[in-house]
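Morning, everyone. Let me put the structure up, and then we will go through its charged pairs and its core.

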Amino acid sequence: MSVLELSFVYTVGAMGYGGLEMLWRGRTHWTMLLLGGLCFLAIYLITLYLPGRVWLKWLLCAAVITALEFGAGCLLNLRLGWEVWDYRSLPGNLLGQVCPLYACYWYLLSIPCSGFAQLIRRFVFVSSG
């Protein structure tokens with residue numbers, strides 16, 4: 001796997017997540033592009049390189065995204081006070097940074113994203129010869 005491939009996947013994730021947030025919340029924050037790129041890169045690697053049943057890969061993707069979201073939230077929201085997001089009003093939240101509802105959303109989002117990751121690998125980075 002090349003640096004070009006990793007960079008491309010990261011950029012697709014950053015732009016895709018920024019766009020998704022604009023549709024979902026009507027706004028985004030520059031840090032969400034960084035986090036979105038990292039999350040899609042994780043989805044890409046899990047989908048293509050870990051063996052196992054596809055639903056388990058989606059579950060792992062959701063767990064990794066939730067963990068990255070929690071880490072970013074602790075830094076950005078709790079430590080720096082930037083208030084990028086706040087889940088305190090949602091049931092089962094952990095310090096207002098993650099919650100079961102959004103963990104389920106990450107699972108559902110992992111389904112099309114893993115398919116998209118496979119398409120990127122097949123049509124952009126694997127030659128047909």
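Let me start with a question. Which side chain meets that of aspartate 86 in a salt bridge? The partner is arginine 88, with N to O at 2.5 Å. Keep in mind that this is a predicted model, and that these distances are computed from it.

How open is this pair? Aspartate 86 has a relative accessible area of 42%, so it counts as partly exposed. Arginine 88 comes out at 61%, which means exposed.

How many salt bridges does a search of the whole structure find? The count is 3. Let me take the other pairs in turn.

Next up is arginine 121. Its side chain meets that of glutamate 5 in a salt bridge, at 2.7 Å from N to O. What does this pair tie together? Arginine 121 sits in helix 4 and glutamate 5 in helix 1, so the bridge links parts that are 116 residues apart in sequence. Is glutamate 5 buried or exposed? Glutamate 5 is buried, because its relative accessible area is 3% and the cut-off for buried is under 20%. Arginine 121 is at 24%, so this side of the pair is partly exposed.

Now glutamate 21. This residue forms a salt bridge with arginine 25, and the closest N and O atoms are 3.3 Å apart. Here both partners lie in helix 1. They are 4 residues apart, about one turn of the helix. Glutamate 21 is buried, at 7% relative accessible area. Arginine 25 is partly exposed, at 27%.

Side chains of opposite charge can pair when their charged atoms come close.

On to the core. Which members of the largest nonpolar core touch the most other members? They are Met32, Phe40, Trp85 and Trp106, out of 24 residues in that core. Four helices each supply at least two residues: helix 1 (3-25), helix 2 (30-49), helix 3 (54-79) and helix 4 (100-125). Helix 2 gives the largest share, with 8 residues.

Take methionine 32 as the example. What is it in contact with, leaving aside neighbours within four places in sequence? The list is Tyr17, Glu21, Leu76, Val84 and Trp85. Two of those names have come up already. Trp85 is among the core residues that touch the most other members. Glu21 is the glutamate that bridges to arginine 25. So much for the tour; questions, please.

How values were computed:
Residues are numbered from 1 along each chain as its sequence is written. This is a predicted model: local features need pLDDT of at least 70, side-chain atom pairs count only at pLDDT 80 or more; totals for chains, interfaces and linings use all residues. Side-chain values use heavy atoms; hydrogens and water are left out. A nonpolar core is a set of buried Ala, Val, Leu, Ile, Met, Phe, Trp, Tyr and Cys residues joined through side-chain atoms within 4.5 Å. Buried means under 20% relative accessible area, exposed over 50%, partly exposed in between (1.4 Å probe, protein chains only). Contact means heavy atoms within 4.5 Å. A salt bridge is a side-chain nitrogen of Lys or Arg within 4 Å of a carboxyl oxygen of Asp or Glu.
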